[in-house]
Amino acid sequence: MSKICLVLQPNEFVSAVTPQLEHIFAGFNVIFYDPSTTYDKRDVFLFKANLEYETNYQLSQQLIHEGFKVVYEQLHDSNKKMDYPVGSVMLRHVDWFWANEYYINLMLGYTEYVPNRTYKYKSLMAAFNKRPVRDKIFELFSDELPNMIYGYNKNPSLPFDNENFNMWDRYLNPYWYDNTCFTTVIETRLNDICTDEFLFITEKSYKPFAFRHPFISISQPGTISHLKDNGFVTYDNLFDETYLNFVNLRERIDSVYTQVKQFVITPYDNLTLEKIDYNYNLFYNKQRVDKIVNEAIINPIMEYAET
């Protein structure tokens, strides 16, 4: 049986063109769209479901009308769930970043990192892009920042950051984790209610697992519950996790700030070390990652192509 031809749009950021994931698409014949080419009706066209969505809508409708199969990928994007043209398929998966970070870390050699803990600072806290809610978070935490390793919108940058690194938002400097007791995660999406929007969990929540770090999280309601459902454990032995019960964003932020302020630096006890190792091993469980990849990409495309 010949490979399914997967036709990509030029200059679009989809999983098939990322270096850490190219091998996943080895079972497809991946090519780029050329309007002067005549395509087979068995070919599948892959579009990015983000800013280019409206631009590609007419093309996708035309392709569907002509009998081609169209797939939209919304795995990396934090936008609301999008409606997609009738007859096409949308790729989404709440656990996608687990798989994505797994393969990035393998590619960059980050599995070799072993913490050399100094317990010098309380927390690592970083946010790259400036947003009003993040302004408020860093303003609230201002009196605690001397006790933290932090960076916000490159003003300041994280100490010893490497902004010339090819994957700049995935650069790892061991200093950040060696010298802090836990990560204060600031997730991409922090909206109060998730009824009409999908839960979006990014690399920010998975880095503490991969780099053997406890964490506390400013994130969407339901984020930590979902991570627990996947088997990860939290650090209720270090933090009062009643903050997870607050739906209101300001209450959640205030509660996390209180936990950080009250935290007393001390070497990890055996329970904390056990949780760190457990989360690390679960994060690097290839069987779980393969399941996500199959559910998110391989199976939907294959099943759609065979209809």
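**Notebook: salt bridges and a helix contact**

I began with aspartate 254, which is partly exposed at 29% relative accessibility. I was working in a predicted model.

I looked for the partner of aspartate 254 and found a salt bridge with arginine 250, with the closest N and O atoms 2.9 Å apart. Arginine 250 is partly exposed too, with a relative accessible area of 43%. Both residues sit in helix H7, 4 residues apart, so about one helical turn separates them.

Next I checked helix H9. Aspartate 290 and lysine 286 form a salt bridge there, at 2.8 Å from N to O. They are 4 residues apart, so again about one helical turn lies between them. I noted aspartate 290 as partly exposed at 25% and lysine 286 as partly exposed at 45%.

Then I turned to arginine 170. Its side chain meets that of glutamate 101 in a salt bridge of 2.8 Å, N to O. Arginine 170 is in the loop between strand E7 and helix H4, and glutamate 101 is in helix H2, so the pair ties together parts 69 residues apart in sequence. Are these two buried or exposed? Arginine 170 is buried, because its 9% relative accessibility is under the 20% cut-off. Glutamate 101 is buried at 3%.

I counted 14 salt bridges in the structure.

Last, I looked at helices H5 and H8. Their axes come within 7 Å and cross at roughly 115°. Tyr206, Phe209 and Ala210 of H5 touch Asn279, Tyr280 and Phe283 of H8. I sorted this contact by class: 5 residues are nonpolar, 1 is polar and none is charged.

Definitions and conventions
Residues numbered from 1 in each chain as written. Predicted model: local features only at pLDDT ≥ 70, side-chain atom pairs only at ≥ 80, totals over all residues. Heavy atoms only, no water. Axes fitted to C-alpha atoms, helices over the stretch in contact; angles between N-to-C directions. Helix = DSSP H or I, 4+ residues; strand = E, 2+ residues; numbered from the N terminus. Contact = heavy atoms within 4.5 Å. Nonpolar A, V, L, I, M, F, W, Y, C, P; charged D, E, K, R; others polar. Salt bridge = Lys/Arg side-chain N within 4 Å of Asp/Glu carboxyl O. Buried < 20%, exposed > 50% of the residue type's maximum accessible area, 1.4 Å probe, protein only.
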